[in-house]
Amino acid sequence: MARLLRLIEDQPEVARPFLKQLHPHTGKAYLIGLTGSPGVGKSSLVDRLIGEFRKQNLTVAVVAVDPTSPFSGGALLGDRVRMQKHATDPGVFIRSLATRGAFGGLTPAVQGVVQVLDAAGFDRILIETVGVGQDEVDIVRLAQTTFVITVPGLGDEIQAIKAGIMEIADIMAVNKCDRPGAEQTLQQLNSMLEMNKFTGRERDWPPRIVKISARTGEGLSELMETLEAHRLFLTRERPDLLAAKRRNHFTELVLDLVKEETIRRVQQTLTTDSSWEERLAMVLTGENDPYTLAEELLGDREME
Ligand code: GDP
């Protein structure tokens, strides 16, 4: 498993035949995507969640993704700390991913890793990512439950949440509730939810907000209950939503794979085609234009 995971990062094309074979064995794990700005307590909370899941005799894999990190593979600092704690537990597996695909895409790599862990039989897979940007949103959307973490007193954070994260969060946690201001943040978030109701954007599952402290463990049991409630909501009450999520997920993945492959092929043409410089020169002189050149490269148009 570890060898295949490394292959996915280093030589995705070599890993692909294995991933094809594994596909029919996937779809059993329950995926939880977890995101929040640096320092909100994701690592601490993941550690707590691992502990709670293990108490329930569930096996857990964690995929920690940092799209901004230049490091490749291996264990990042936070993981080393966590790994020490769970190192002797065969029911826990933690993996960091920081490399992008050859052409900038991260999702296919994350998807590949998750697929392997799923086929390996882990009951719960936590996909942890830093920040609240588009990359993170794409990544946490791989999961069935999207879990967003914030902390009291981050004015900007609330803005970011307003801007989009609220749309995707199934569960929000206000962590560090042992610190002042948690109640106020909770109220702000709740009033935002109320507003969504009035603007008609109420969802099938209105996001639930819980107040926790990864440090003291306060609110942890409520968080576990909420995570389970969302899982049961999807699996028992709304299998149609679950199926729709899976469809979206595979649509995105297939598009990502096509995008990667198209760019790879076109780039290959560029490096091997001796007429490329000449054709580019024609764009510079105005004899050709970049739009036509792009169409030519895609094969939509016969090359002149
Ligand atoms: P991450 O960057 O989101 O993974 O955050 P970490 O888990 O590394 O936590 C960042 C810092 O916040 C660390 O110093 C933690 O000890 C601290 N921290 C995490 N959870 C809590 C909490 O519930 N209460 C308090 N007071 N500090 C916390």
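A: In this predicted model, Gln115 sits in helix H5, which covers residues 107-119. Gln115 has a relative accessible area of 10%, and because a residue under 20% counts as buried, Gln115 is buried. Once its neighbours within four places in sequence are set aside, Gln115 is in contact with Leu19, Leu22, His23 and Thr26.

Helix H1 spans residues 2-10 and helix H2 spans residues 12-22, and their axes come within 7 Å and cross at roughly 130°. H1 and H2 are therefore oblique to each other, and the crossing in which H1 passes H2 is left-handed.

Arg95 belongs to strand S3, made up of residues 92-97, and with a relative accessible area of 10% Arg95 is buried. Not counting residues up to four places away in sequence, Arg95 touches Ala2, Leu5, Arg6 and Glu9, and also Val62, Val63 and Ala64.

A further buried position is found at Val140, in helix H6 (residues 134-140), where the relative accessible area is 0%. Val140 and Leu34 are 106 residues apart in sequence, yet their C-alpha atoms are 6.4 Å apart in space. Leu34 is also one of the residues that Val140 touches when those up to four places away in sequence are not counted, the others being Gly33, Thr35, Ile127, Thr129, Thr146 and Ile168.

Another helix pair, H11 and H12, can be described in the same terms. Helix H11 (residues 276-285) and helix H12 (residues 290-298) have axes that come within 9 Å and cross at roughly 155°, which makes H11 roughly antiparallel to H12. The crossing of this pair is right-handed, whereas that of H1 and H2 is left-handed. From H11, Trp276, Arg279, Leu280 and Val283 meet Pro290, Leu293, Glu296 and Leu297 from H12. By class, the contact of H11 with H12 has six nonpolar residues, no polar residues and two charged residues. Arg279, which lies in H11, is buried, with a relative accessible area of 7%. The C-alpha atoms of Arg279 and Leu293 are separated by 7.8 Å, and the two residues stand 14 places apart along the chain.

For the setting of these parts, the chain as a whole contains twelve helices and seven strands. Of its 304 residues, 45% are buried. Among the contacts in the chain with a separation of 6 or more, 75% are between residues 24 or more positions apart.

Key. Residues are numbered from 1 along each chain as its sequence is written. This is a predicted model: local features need pLDDT of at least 70, side-chain atom pairs count only at pLDDT 80 or more; totals for chains, interfaces and linings use all residues. Side-chain values use heavy atoms; hydrogens and water are left out. Helices (H or I, at least four residues) and strands (E, at least two) are DSSP runs, numbered from the N terminus. Buried means under 20% relative accessible area, exposed over 50%, partly exposed in between (1.4 Å probe, protein chains only). Contact means heavy atoms within 4.5 Å. Axes are lines fitted to C-alpha atoms, for helices over the stretch in contact, and angles run from 0 to 180 degrees between N-to-C directions. Angles under 35 degrees count as roughly parallel, over 145 as roughly antiparallel, 65 to 115 as roughly perpendicular and the rest as oblique. A crossing is left-handed if the near helix is turned anticlockwise from the far one by less than a right angle, and right-handed if clockwise. Ala, Val, Leu, Ile, Met, Phe, Trp, Tyr, Cys and Pro count as nonpolar, Asp, Glu, Lys and Arg as charged, and the others, Gly among them, as polar.
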